[in-house]
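Reader: I would like to learn how to read side-chain features from a set of coordinates, one kind of feature at a time. Could we take the general idea before the particular case each time?

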Amino acid sequence: MKNFIQSLLLLIAVIVSTTGAQKEIYAKEGQDITLEPTSYPANSYVYWYFEKQDGHQLAWLNPLGGKGFSNGKPYIYVYIIYLLLLSREIQVNKKIFLTITFCLVDEKWKNRLSLTGASLVINALQEDLFGTFVCKISAAGQRDSITVFKVIQVNVIEKSASPLLSGDYLSLTCSLGSVPQNTPEIYWLSPQGNREGNKGIVYIQARSEHNGQWDCVVKKNTNEKKFPVSVTVVDLAPVPSHQYTSTDSPLTIPCSLISPVTWEQVKKKEIEEVQWHFAPKLSSGTLSDNPEQLFSLDLEKLTWKKGKDKGLSPVYNIKNGNLSLTKSKATVEDRGRYTCSMKFKDGRTLETTVDVVVLEIIAHPKAELIYGQQVNLSCSTGDQLPNDMKLNWTSPKTSSYISYPTHITVPEVGKEDNGKWGCELWQGGNKLTSDEILLKIEPRLSVWMLVIICSAAVILLLLLVLAFIHYRRRKQKTRLLRHQLCQCKNPKPKGFYRT
């Protein structure tokens, strides 16, 4: 009974003399970690152990700055002790001694440990280095501070071969090597920051939005740790369904690989052909059922072969994944649907489709007018506008006109109507595109018009005078010729006469 009481008092003394805390550290194999104790009083001794307190010692630090590690060097010191024992003729079994020495010195920690202050730094964690680490800090007159670190392995696996072709299945798994008492929450974050998967498992068909960095999140209470994984998906970048431009603006029809996919990665997926097609918009407002081929890509030379000529030019930046078409100024003939397609040997096709909408202003009867004429300006995309779209007109500041939803009328144009007129296409609070037309208004009889009329009258008068002079001269020549041929008073006709 007395021994039991002594043991109990000793246990209580040990408990009172130490303070402890426990932390969980999540890490991947090959990762560097730093284990930082909760406190580090001055003039204290620091001891780091593996598996348990007073177990395999990894490192130590004294108040004078001296330190040591379990990195293979103790083997030399133990062998020196062995030689000293032999020199004193103490009976030692060499084989057993070296075996014990080898067990004491664990090569797996060699060159992996370092100290930053009292913190233990472990480089390139290996699978057999995960487990429990104990830090004991002792200082004179103070209770020992014990901090226990549970270093738990996180296994992050991408089972699908990268790069993926859009439509392939993306398989991601995130799990723990050992399960702690209170299991943390594990889930995945997509490149857009959306939560994906169930219990650390993602299995979905890859699309362009899945390209980029995925994060496995291990969360416990308010603490969380992220483990990134890079996923590459070969796909065409999303494009707007409609591209708005005008006859006064350039035209760009976008088509490109999603960043940072390269042409070399596309070739690995056995690409077969790349083409552009165009379905023009008919006068009825519908699209043609017979699309025209605009371009096809020579996969060996990486040059475009032209089909139907629409005045469009490819952007020659194929190796960077840019397959777009451009034109300096759009025309109404460019209205229609454009399709950029990439076909692969397994039969799958990636494509983007863009409907080009061209805004145009038309002046009737024409844009060059004289004072007093009526002009109608119509603004149209060739289709009826949706309810959420509208047209806004801009005009010279001094002009006045009658406005309608799609056109305006100026009953009598004057000097104040001369200049640029504009039409803007809006959707909500966004201006989609705009077009401009220049009206040239001239007076009824301007100075130049008078000059032109007078000049024409003078020229006409000169022509009449010349014609009259020419006529008189010709008549005089005819009379003179008759006078020379007949000089006798009674001329006789030529012939034979009787004598």
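Reader: How many aromatic pairs does a search of the whole structure find?

Author: Please keep in mind that this is a predicted model. As a general idea, a pair of aromatic rings is described by the distance of the centres and the angle of the planes. In this structure, a search of the whole model finds 7 aromatic pairs. In one of them, the ring centres of Trp-109 and Phe-133 are 6.0 Å apart and the planes stand at 85°, so the pair is edge-to-face, given that an angle over 60 degrees counts as such.

Reader: Where do Trp-109 and Phe-133 lie, and what does the pair tie together?

Author: Trp-109 belongs to the loop between helix 3 (94–104) and strand 6 (113–116), whereas Phe-133 belongs to strand 8 (residues 131–139), so the pair ties together parts that are 24 residues apart in sequence. Both Trp-109 and Phe-133 are buried. Ring pairs also link Phe-50 with Trp-109 and Phe-133 into a cluster.

Reader: What are the distance and the angle for Phe-295 and Trp-304?

Author: Phe-295 and Trp-304 form an edge-to-face pair, with 6.2 Å from centre to centre and 75° between the planes. Phe-295 has a relative accessible area of 3% and is buried, and Trp-304 is buried as well, with a relative accessible area of 9%.

Reader: Which rings have a charged group lying over them?

Author: Two cases can be read here. The charged end of Lys-136 sits over the ring of Tyr-47, at 5.6 Å from the ring centre, while Arg-195 lies over the face of Tyr-187, at 3.9 Å from the ring centre.

Reader: Turning to nonpolar residues, how many residues does the largest nonpolar core have, and which have the most contacts inside it?

Author: The general idea is that, in soluble globular proteins, nonpolar side chains tend to be buried together. In this model the largest nonpolar core has 34 residues, and those with the most contacts inside it are Ile-253, Trp-263, Val-266, Trp-276, Leu-323 and Met-342. Several elements supply at least two residues each to this core, including strand 19 (251–253), helix 4 (263–268), strand 20 (271–280), strand 21 (292–298), strand 25 (336–344) and strand 26 (349–364). Apart from this core lies another, of 23 residues, among them Trp-48, Leu-113, Ala-118 and Leu-125.

Reader: With which residues is Val-266 in contact, leaving aside its neighbours within four places in sequence?

Author: With those neighbours left aside, Val-266 is in contact with Val-234, Leu-257, Val-261, Ile-271, Met-342 and Phe-344.

Reader: What is the order of the strands in the open sheet of 4 strands, and which are the edge strands?

Author: The order is 13-12-15-16, and the pairing is antiparallel. The edge strands, each pairing on one side only, are strand 13 (195–196) and strand 16 (223–231). Strand 12 (residues 185–189) and strand 13 are paired in the antiparallel sense over 2 bridges, and Trp-188 stands opposite Glu-196 in strand 13.

Reader: Let us finish with charge pairs: how many salt bridges does the structure hold?

Author: In general, side chains of opposite charge can pair when their charged atoms come close. This structure holds 11 salt bridges. One of them joins Asp-383 to Lys-281, with the closest N and O atoms 2.4 Å apart. Asp-383 counts as partly exposed at 32% relative accessibility, and Lys-281 is partly exposed with a relative accessible area of 31%.

Reader: Are Arg-337 and Asp-355 buried or partly exposed, and how far apart are the closest N and O atoms of their salt bridge?

Author: In the salt bridge between Arg-337 and Asp-355 the closest N and O atoms are 2.7 Å apart. This pair links distant parts of the chain, with Arg-337 in strand 25 and Asp-355 in strand 26, 18 residues apart. Arg-337 counts as partly exposed at 34% relative accessibility, whereas Asp-355 is buried, with a relative accessible area of 16%.

Methods
Residues numbered from 1 in each chain as written. Predicted model: local features only at pLDDT ≥ 70, side-chain atom pairs only at ≥ 80, totals over all residues. Heavy atoms only, no water. Core = buried A, V, L, I, M, F, W, Y, C linked by side-chain atoms within 4.5 Å. Buried < 20%, exposed > 50% of the residue type's maximum accessible area, 1.4 Å probe, protein only. Contact = heavy atoms within 4.5 Å. Phe/Tyr/Trp six-rings, centres within 6.5 Å; stacked < 30°, edge-to-face > 60°. Lys NZ or Arg CZ within 6 Å of the ring centre and 35° of its normal. Pairing = 2+ DSSP bridges. Salt bridge = Lys/Arg side-chain N within 4 Å of Asp/Glu carboxyl O.
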